[in-house]
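Please open the structure in your viewer and keep the selection tool at hand. The tour below goes from stop to stop, saying what to select and what is there.

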Amino acid sequence: MNAAKRREIFARLQAANPHPTTELEYQTPFQLLIAVLLSAQATDKSVNLATRKFFPEYGTPQALLDLGEEGLAQYIKTIGLYRTKAKNAIATCRLLLERHGGEVPQDRASLEALPGVGRKTANVVLNTAFGQPTIAVDTHIFRVSNRTGIAPGKNVLDVELKLEKVIPRDFVQDAHHWLILHGRYICVARKPKCPQCGISDLCEFKQKTAA
């Protein structure tokens with residue numbers, strides 16, 4: 001795919017949604033970090049249903065640490081892998097308080113040193129909470145990048161590094177939100193909604209759906 005075609009794709013995505021953001025609900029960088037940590041292999045909707053119940057009272061590192069692993073587990077047991085996630089979330093609270101004064105660090109290495117925080121989670125927090133031009137590649141972005149031809153790659157890191165190179169600079173900040181939402185609602189896994197797609201004529205996917 002050439003650069004002009006990529007620019008037009010992102011220009012159209014921007015025109016359709018000028019101010020995209022995560023669908024996870026949060027008030028602070030800490031709450032975003034916990035929500036993203038909980039969202040692994042779970043839907044944003046299921047995470048929001050859970051965090052609405054405990055963020056108002058336990059929405060800081062100290063409060064969540066005081067709630068404890070078992071207490072948090074009771075709030076998030078509707079989410080997959082909830083026991084592991086509760087353990088990681090509480091351990092993350094402890095490290096934030098011990099190492100960072102209760103603040104969420106603004107660099108990838110420090111974020112990835114937190115329990116349960118991988119590269120994708122770190123990228124989401126850096127981009128959404130701190131405005132850094134990172135690209136968090138999830139299954140939706142991986143699919144859209146390969147299917148459209150925007151940035152084909154064999155694995156998520158491959159796709160992330162390629163996207164960083166090929167996305168025009170003025171679109172980088174919001175790019176991963178546009179791609180996630182496009183993959184979640186239009187370029188879906190089983191049967192992409194090509195007739196409803198605003199970039200269908202630019203997409204290089206050969207098996208486009210007719211209806």
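This is a predicted model: local features need pLDDT of at least 70, side-chain atom pairs count only at pLDDT 80 or more; totals for chains, interfaces and linings use all residues.

Residues are numbered from 1 along each chain as its sequence is written, and side-chain values use heavy atoms, with hydrogens and water left out.

To colour the two parts, select 3-20 together with 135-202 for domain 1, and then 29-130 for domain 2; these bounds come from an automatic or database domain assignment. The centres of the two domains, taken over C-alpha atoms, are separated by 27 Å. Twelve residues from domain 1 and eight residues from domain 2 make the contact, which means heavy atoms within 4.5 Å.

Next, select R119 and E160, whose side chains meet in a salt bridge at 2.8 Å, N to O; the term stands for a side-chain nitrogen of Lys or Arg within 4 Å of a carboxyl oxygen of Asp or Glu. On the side of domain 1 that touches domain 2, the elements giving two or more residues are α9 (156-166) and α10 (172-185), where helices are DSSP runs (H or I, at least four residues) numbered from the N terminus. Of these, α10 gives the most, with five residues.

## A link along the chain

Finally, select D201 and R12, whose side chains meet in a salt bridge of 2.6 Å, N to O. This pair links distant parts of the chain, for D201 lies in the segment after α10 and R12 in helix α1 (residues 3-16), 189 residues apart. The whole structure holds eleven salt bridges, and three are found across the interface of domain 1 and domain 2.
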